[in-house]
Amino acid sequence: MLLHAKIGSLELETGGRLPQVSLAYETWGQLNDDASNAVLICHALTGSTHVARGDSAEDGWWDTLVGPGKTVDTNRFFVVSINMLGGCYGSTGPSSADPQGLPWGSRFPFVTVRDSVRAEARLADLLGIRSWHTVLGGSLGGARALEWAVTEPARVRRCAVIACTAASSAEQIAFGQAQLEAIRLDPHFNGGDYYNGRTPAAGLGLARRIAHITYRSEPELEYRFGHEPQPQEDPLGSALSAGRGRYAVESYLDHQARKLVDRFDANSYLVLTEALMSHDVARGRGPLEQALAGVTAEFFIAAVDSDRLYFPQQSEVLAAALPGDTTVHMISAPIGHDGFLTDVEQLGVPLRQRFFGPA
C-alpha cells in the first residue's frame, strides 16, 4: 500500500525551495524493537516504490530479490522504498499542486540526488529509523544509495551500489541531454505547463527510445531482432499509413515508448534525468578518495559486464576510491545495463552472503 508523509519545507542544494514536501513510500515486513532491521531500496529513473508484491496483486520490480524467504527476507527485515523527490508516483513533483493548488509545472525547482537524500532522511526520522541496516539500489537508485552513505555516514551500516558510478560521465550526460531535448522540443510541451492540455507524449516517447537503446546491449538487440521486419510489415514498402513498414527492433522501441508514456510524467522525467546528470558524489568534497574517506558503511559494488551506459571500469574506479579493500561483483548478462533487473539471481547470492545472511 502506498503511504504518504509530510516532511515540511525543503531548502534545495541549488538555491530553490519547496514550501511543503510529501514523500510517497511503501513498506514490507515489521520494524523491530531497536529499529536495526530497516532496509532502504532506491528505485531507478522511471521506477516506482513497488519493489515487491507483498499484499498487492501487482508484481514488484525486484520481486525475485525481496519478499518472504528471499535474499532481502521480509520476515526478518523492514523494507522501505521511497518515491524520489520530483517523481510522479506520489512524492512532491512537477505534477503536484503548489500552495495555490496549481500544478508546479515549469516552476518546479532543480533537485539533486543530495536533495532527495536529505528529504528521505526526514522520512526515516518520522519512521523511527536512526540508521539503515542496508541502503541499496541500481542505476539512479545506486546514485541515491551512494549519496546516502556519504551524506549520512552514521545512518548507513551497509551500502550496495549496483550498475552506477561515482559521478555521471560526459557520455552519460550527453545521452541524458538528448532525451531532455526530445521532450522540450515536443510542440505540446509548452515550457512544462501542459497539464491543462495535451501532454508531450511524442517527446517523452522519443526520450524513452533513446534511453532504452542505452539500457540494452548491441549483441542482445542483434540476437533478438537482427535485420528482420516486423511481421506483416514491409520496411521497403508502405504497409503503414505513415509510409514504410517497420523493422522488428523499431516496433520494440515503439512498444517501450508507449508503455512509459502511459505511466510517467514528462516533467518528472526531466527532473529526475537532470538529477542523475548532476550526480557527482565528490561535488564540493574534494577529490573522490577524500570525498569517500568519511564513509563507515560496508560496501557492495556490482556492475553488469555488458553495460554500455555505466561501464564496469567506472565501477572499478568507485571501488578503488573507497576506504579498505572493495572489489566489484560482476553480473554476467548479455542484455546490457538492465541486467541488474533481469538477472537478479546473480545479485541474490552474493548479497545474501555479504549483507543478509543469518543474524
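On a 1 Å grid over the protein atoms alone, a pocket is an open set of points where a 1.4 Å probe fits, with protein on both sides within 12 Å along at least five of seven lines; lining residues have an atom within 4 Å of a point. A volume is the space filled by probe spheres set on the points, which are joined across faces, edges and corners. The model is predicted, and totals for linings use all residues. Residues are numbered from 1 along each chain as its sequence is written.

Select Thr46, Gly47, Trp61, Arg208 and Arg263. Among the 30 residues lining the largest pocket, these lie nearest its centre. The space there is about 730 Å³. Next colour α4 (201-215), α6 (248-261) and α10 (339-342), each of which supplies at least two lining residues; helices are DSSP runs of H or I with at least four residues, and strands are runs of E with at least two, numbered from the N terminus. By class, the lining holds 10 nonpolar, 12 polar and 8 charged residues. Here Asp, Glu, Lys and Arg are charged, Ala, Val, Leu, Ile, Met, Phe, Trp, Tyr, Cys and Pro nonpolar, and the others, Gly among them, polar.

Move to the second largest pocket, with a volume of about 290 Å³. Its lining has 17 residues, and Thr27, Trp28, Arg53, Gly54 and Asp55 are closest to the centre. Strands β2 (17-28) and β4 (66-67) each give two or more residues to this lining; β2 gives the most, with 3.

Finish on α2, residues 140-151.

Note on methods: This is a predicted model: local features need pLDDT of at least 70, side-chain atom pairs count only at pLDDT 80 or more; totals for chains, interfaces and linings use all residues. Side-chain values use heavy atoms; hydrogens and water are left out. The expected span of a helix is 1.5 Å times one less than its number of residues.
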